[in-house]
Amino acid sequence: FPVTIDPTGPGHTKYVADKNGVPRPVEAKTGTEAQSKAAFYASNMQGAHDVLNRTQSSVDYTKLGVKHIINDVPWAGEFLASQYANPQLTEEEQLFDNAVEQFVAGVNRSESGATISAAEWTKARNRFIPGKGDKPSVIAQKTKNREIATRMMMESGGILGQSQLEEFDRAIAEAKKAPEPRQEAVTGNGLPPLPPGYKWVD
């Protein structure tokens with residue numbers, strides 16, 4: 001349909017003619033300032049959530065913990081962690097660590113530069129981030145908590161968050177359809193079984 005601009009309308013409103021030729025105003029998908037910020041945080045949280053899902057089963061939580069202990073040392077901790085502890089992490093562990101920072105920052109809406117307090121950081125990690133010793137059911141619960149928090153942030157984005165929600169739901173549905181990784185059965189000695197008539201030898 002033809003598009004027209006009404007120069008006398010509020011903010012030069014954009015109109016589109018319907019099937020009967022009647023001009024109808026088109027709602028601009030700009031959202032409010034608060035919705036724009038929420039959509040920004042939601043985008044960061046979704047990206048971080050995806051990285052955490054992909055890496056949380058393969059990182060060494062002890063090495064990550066050591067880095068954060070060093071980082072908390074007064075005065076020189078941040079420098080020591082970046083120069084000595086961070087290089088010891090694998091690429092996946094560095095991605096995981098960065099995703100943790102990104103997700104927690106999104107939850108606390110601190111991209112403006114506001115410092116996340118130690119209490120906020122601990123609360124967010126306990127609620128959303130897998131840690132050393134977490135059982136599978138706890139990891140699944142934390143994954144679900146991240147999904148809920150990300151969804152809530154997208155909903156706060158109003159009209160700007162609608163497309164994010166659709167994409168997020170589609171990605172979750174596709175992940176649930178994906179087949180579970182095939183696991184080989186093992187024998188008492190920890191080796192996969194052999195065909196009939198064969199046996200493992202030392």
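These are my notebook entries on one predicted model.

**Ground rules.** I number residues from 1 along each chain as its sequence is written. The model is predicted, so I take local features only at pLDDT of at least 70 and side-chain atom pairs only at pLDDT 80 or more, while totals for chains, interfaces and linings use all residues, and side-chain values use heavy atoms, without hydrogens or water.

**Overall layout.** I looked up the elements and found seven helices and three strands. Both come from DSSP runs, numbered from the N terminus: helices are H or I with at least four residues, strands are E with at least two. The order from the N terminus is β-β-β-α-α-α-α-α-α-α. I then checked burial, where buried means under 20% relative accessible area, exposed over 50%, and partly exposed in between (1.4 Å probe, protein chains only). Of the 202 residues, 28% count as buried. For contacts I use heavy atoms within 4.5 Å. Among contacts between residues at least 6 apart in sequence, 53% join residues at least 24 apart.

**Helix α2.** Which residues of α2 are buried? I find Tyr61, Leu64, Lys67 and His68. They lie on the same side of α2, because they cover an arc of only 120 degrees around the axis. The arc is taken from the directions from the helix axis to the C-beta atoms. These buried residues pack against α3, α4 and α5. I also looked at Gly65, which sits in α2. Its relative accessibility is 28%, so Gly65 counts as partly exposed. The C-alpha atoms of Gly65 and Lys132 are 8.6 Å apart, though 67 residues separate them along the chain.

**Aromatic pairs.** I pair rings of Phe, Tyr and Trp (its six-membered ring) if their centres lie within 6.5 Å; planes under 30 degrees apart are stacked, over 60 edge-to-face, and the rest tilted. The count is three pairs. One of them joins Tyr61 and Phe96, edge-to-face, at 5.7 Å centre to centre with 85 degrees between the planes. Tyr61 is in α2 and Phe96 in α4 (residues 91-107), so I log a link between distant parts of the chain, 35 residues apart. Both residues are buried.

**Helix α5.** I list Trp121, Ala124 and Phe128 as its buried residues. Their arc around the axis is only 70 degrees, so they share the same side of α5. Their cover includes α2, α4 and α6. The face turned away from the buried side carries exposed Ala118, Ala119, Lys123 and Asn126.

**α5 against α6.** How do α5 (residues 118-128) and α6 (residues 136-156) pack? I read an angle of about 115 degrees, with the axes 7 Å apart. Axes are lines fitted to C-alpha atoms, for helices over the stretch in contact, and angles run from 0 to 180 degrees between N-to-C directions. That makes α5 roughly perpendicular to α6, since angles under 35 degrees count as roughly parallel, over 145 as roughly antiparallel, 65 to 115 as roughly perpendicular and the rest as oblique. On the α5 side, Arg125, Asn126, Arg127 and Phe128 make the contact; on the α6 side, Lys142, Asn145, Arg146 and Ala149 do. I sort these residues into two nonpolar, two polar and four charged. Here Ala, Val, Leu, Ile, Met, Phe, Trp, Tyr, Cys and Pro are nonpolar, Asp, Glu, Lys and Arg are charged, and the others, Gly among them, are polar.

**Trp75.** I find Trp75 in the loop between α2 (61-71) and α3 (77-85). Trp75 has a positive phi of about 70 degrees although it is not a glycine. Most residues other than glycine have a negative phi. With 91% relative accessibility, Trp75 counts as exposed.
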